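My entries follow the structure.

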Amino acid sequence: MSGHSEHNTKTLKLIVWRQAGPDKPGRFETYTAKNITDHHSFLEMLDVVNEDLIKEGKEPIVFDHDCREGICGVCSQVVNGVPHGGHERTTVCQLHMRLFKDGDSIYIEPWRARAFPIIKDLMVDRGALDRIIQAGGYTSAHTGGSPDANAIPIPRHDAEYSMDAAECIGCGACVAGCPNGAAMLFTGAKVSQFAALPQGQVEAAERVANMLKEMQDCGFGNCTNHYECEAACPKGINVKFIARLNREYLKSLL
Amino acid sequence: MILDGKCPTGPVEKSWDKHRFDMKLVNPANKRKYKILVVGTGLAGASAAASLGELGYNVEAFCYQDSPRRAHSIAAQGGINAAKNYPNDGDSILRLYYDTIKGGDFRSREQDVWRLAQVSNEIIDQCVAQGVPFARDYAGYLDNRSFGGAQVSRTFYARGQTGQQLLLGAYSALSRQIRLKTVKMFPRTEMLDLVLVDGEAKGITIRDLVTGEIRVHAGDAVLLCTGGYANVFNLSTNARGCSVTAIWKAYRKGAFFANPCYTQIHPTCIPQAGDYQSKLTLMSESLRNDGRIWVPKNKGEKRAANDIPEDDRDYYLERKYPSFGNLAPRDISSRAAKEACDDGRGVGPGGKGVYLDFRDSIKRLGEHVIRERYGNLFEMYERITGEDGYKVPMRIYPASHYAMGGLWVDYNLMSNIPGLFVLGEANFSVHGANRLGASALMQGLADGYFVIPYTVAPYLAASKPGKAKEDHPECKKSIEDVKAFTKKLLSINGKETPADFMRKLGNVTWNNVGMGRSKESLTEALAKIPGIREEFWKNLKVSGTELEVNQQLENAGRTIDFIEFADLLCRDALNRDESCGAHFRVEHQFADGEAKRDDANFSYVAAWGFKGDGVPPELHKEPLEFNLIKPAVRSYK
């Protein structure tokens with residue numbers, strides 16, 4: 001740690017979306033974040049603002065957060081127009097204030113998509129992503145009686161490809177970043193994870209058909225190749241998995 | 001009272017097989033008549049809910065997160081142990097059992113540990129069948145790595161995200177059951193009370209975290225899979241929402257709390273940067289496979305890490321523990337780091353850090369190999385600290401990480417309250433006084449996939465389904481109690497937030513009940529905690545109302561539970577007048593600073609019973625027996 005920066009604090013202007021409930025009108029409100037150092041995370045900066053608001057008798061800003069280490073996928077804020085703030089492979093909870101300058105104005109909004117109704121302020125309902133998984137994001141292996149784990153060798157390349165897809169944290173930034181509000185990257189990643197593995201072959205056709213139908217029923221849009229999803233994804237999930245999704249879908253029709 | 005774990009008798013190696021045969025079964029056609037409530041959807045909860053749903057039980061599952069996929073198991077990085085012996089390096093069920101017992105410093109229950117080791121292999125099979133993309137070698141077979149406290153390679157992993165992949169596997173299985181309507185899922189829901197009917201667990205009272213509604217779900221059995229209480233130290237590696245609340249409410253209803261003083265401090269976390277900090281970030285101890293830990297030999301060293309020559313570096317773990325070296329168990333590694341820092345040789349701000357250096361591995365293997373093995377951890381480190389771990393040594397410091405203690409359970413994972421089962425980190429049974437790396441994931445999935453589906457049956461088979469309904473007087477009373485408690489939290493209107501109180505509590509717990517404990521430090525903590533509690537009820541400030549999303553109200557409830565729990569934590573640590581595993585009483589150590597156990601007086605599980613507010617809890621003991629191996633001084637030299 002360089003040490004010098006701890007004494008330099010920053011003051012920032014926050015323009016934050018406030019909305020009391022799903023059917024209530026929303027508006028931007030302005031707040032000041034004071035005494036912020038390089039080492040504050042973005043959410044720790046919001047903690048400081050909220051503590052001040054509570055002590056002033058005002059309503060703190062509601063936002064989803066939990067693990068604060070970029071893996072649970074619950075944090076979901078559009079920072080200056082970009083989901084998670086637009087730093088490569090970084091969730092908003094891992095965004096650090098060294099990336100902002102003293103006096104910066106920061107716009108903070110919730111995920112915005114038809115399939116993600118706002119619950120309150122920056123908190124949205126992403127139950128639709130769970131429903132897509134429930135439609136087929138699994139192998140139907142019930143507990144017990146599985147063959148030895150080494151019974152079926154899986155080429156390392158396939159296992160790595162599968163893992164590349166499986167890294168998705170289900171945060172929904174891909175949906176928030178997409179002009180169509182599509183969940184193609186999310187769905188494609190899960191379909192591709194199984195498509196690459198022998199265990200996923202048995203139900204491959206059924207899986208992709210059911211998941212895509214659920215995706216449409218939930219009100220997600222479709223892909224028109226903007227690649228905004230990949231740019232927004234904090235885990236760097238590649239758009240090639242959307243191509244794989246389309247291929248798997250075509251295969252399922254044969 | 002002397003507690004009985006009701007373990008099977010006879011040879012330990014046959015205990016689980018024998019017990020499985022001896023247990024009663026529930027007829028397949030009758031299973032759907034029983035409703036099982038599963039609280040928490042981490043590895044233990046999700047795997048239990050999915051497996052019980054598959055068997056045909058009627059399951060309701062609850063989690064505080066917005067989706068079961070986000071439970072904190074997801075953050076486990078390094079791996080999961082199993083006794084597969086794929087590398088042909090001498091592993092076996094017996095060896096995994098032995099390492100776990102020894103790692104726990106002979107304070108775990110022998111039969112439970114044997115069962116864990118025995119089912120470990122099935123877990124890997126199950127996960128592979130689910131499509132968990134474990135790391136593989138070029139022949140397509142599963143790869144293994146080494147972890148602390150073991151001299152064999154038995155840890156299966158999926159990059160640095162093993163917990164995520166295992167949880168997504170269990171979440172997928174759970175999702176399938178939700179689709180099949182055997183499981184009904186209630187996300188954004190927090191359990192705030194346990195409902196007892198005629199002394200048996202027959203329901204839970206929950207708060208809907210979106211609408212604020214408080215209601216009861218009645219069932220035939222309750223499974224608490226709600227994780228650990230590491231956040232009692234305020235700063236820990238746990239997620240912000242992890243709390244003691246569910247098991248604490250059960251304790252207040254009569255469930256015994258076992259060995260609360262067994263808390264694990266993880267040696268490889270990113271050091272704290274400031275008071276505002278909300279959590280500490282762990283980096284997998286798998287890093288210790290290739291990183292070397294050191295501090296400068298000289299106090300007050302001013303040179304940058306890379307400018308310090310080899311002769312002026314103290315690779316203290318390699319020096320003190322030549323056979324285990326940088327892979328010494330977590331408690332030993334953590335204390336050694338603290339010792340070095342207390343000795344004035346710590347690095348970074350405030351001297352609270354030691355180096356974890358990859359220079360030699362990069363020289364030996366090339367940066368690309370290190371990047372392939374730990375790339376995401378290096379990225380995470382750089383994101384938080386702004387430093388490049390490939391170029392300068394990382395700085396690490398111990399942080400609170402895991403709770404070995406938890407609610408007391410018998411061999412069937414049932415607490416002393418009939419019908420209340422406790423799984424995963426929330427129970428106490430297998431890790432003793434110290435958990436080995438990559439064993440938490442193993443335990444969560446063992447309990448959920450391969451233990452509870454069998455062990456819930458004897459209780460259910462002996463009870464009539466649907467004994468209690470939501471309109472039972474006990475259910476109504478529980479709702480009134482929770483509503484009154486919530487109103488009380490909202491009514492104080494003082495000046496300090498829940499976060500203020502957690503910081504105060506954390507100062508006491510981390511300093512007095514952290515890595516080193518003494519009679520003085522514990523007595524001091526016990527004197528301070530009632531003051532924090534009193535101030536909480538006088539000066540708490542919670543904004544907002546009850547019937548809406550109110551994160552401050554959630555925090556306030558969890559905070560007071562932690563304050564109450566901290567008192568029990570200290571009492572247990574004070575009562576256990578010995579050192580064992582992660583519980584280090586400074587009065588009891590060997591000349592070289594190793595923990596000194598006292599088997600003559602403390603070879604027992606300390607299970608505490610609630611006797612009322614302001615009344616000291618009652619201590620019950622379960623004596624520990626070891627038949628297969630005999631307790632010895634734990635040595636990793």
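These are my notes, topic by topic.

**Ground rules.** I am working on a predicted model, where local features need pLDDT of at least 70 and side-chain atom pairs count only at pLDDT 80 or more, while totals for chains, interfaces and linings use all residues. Residues are numbered from 1 along each chain as its sequence is written, and chains are lettered from A, ligands numbered from 1, in the order in which they are written.

**Core.** I looked up the largest nonpolar core and found 286 residues. Such a core is a set of buried Ala, Val, Leu, Ile, Met, Phe, Trp, Tyr and Cys residues joined through C-beta atoms within 7 Å. Buried means 20 or more other C-beta atoms within 10 Å of the residue's own, with C-beta atoms placed from the backbone. Among the residues with the most contacts inside this core are A:V175, A:L185 and B:V39. Helix α17 (551-575) of chain B gives the most to the core, 11 residues. Helices are DSSP runs of H or I, at least four residues; strands are runs of E, at least two; both are numbered from the N terminus.

I then checked B:V39. Beyond its neighbours within four places in sequence, its contacts include B:F62, B:M191, B:I204 and B:A246. Contact means C-beta atoms, placed from the backbone, within 7 Å.

**Chain B against chain A.** I found 67 residues of chain B in contact with 66 residues of chain A. Helix α6(B) gives the most to the chain B side, nine residues. By class, that side has 26 nonpolar, 26 polar and 15 charged residues. Here Ala, Val, Leu, Ile, Met, Phe, Trp, Tyr, Cys and Pro count as nonpolar, Asp, Glu, Lys and Arg as charged, and the others, Gly among them, as polar.

**Sheet in chain B.** I traced an open, antiparallel sheet of five strands in the order β11-β15-β14-β12-β13. Strands pair if DSSP finds at least two bridges between them. β11 (263-269) and β13 (313-314) of chain B are the edges, each with a single partner strand, so one side of each has no neighbour in the sheet. β14 (354-357) and β15 (394-403) of chain B pair over three bridges. In that pairing I noted B:Y355 opposite B:R395. Helix α9(B) packs on the sheet, touching β11, β12 (292-296), β14 and β15 of chain B. Its direction makes about 65° with that of β11(B). Axes are lines fitted to C-alpha atoms, for helices over the stretch in contact, and angles run from 0 to 180 degrees between N-to-C directions.

Definitions and conventions:
Buried ≥ 20, exposed ≤ 12 C-beta atoms within 10 Å, placed from the backbone. Contact = placed C-beta atoms within 7 Å.
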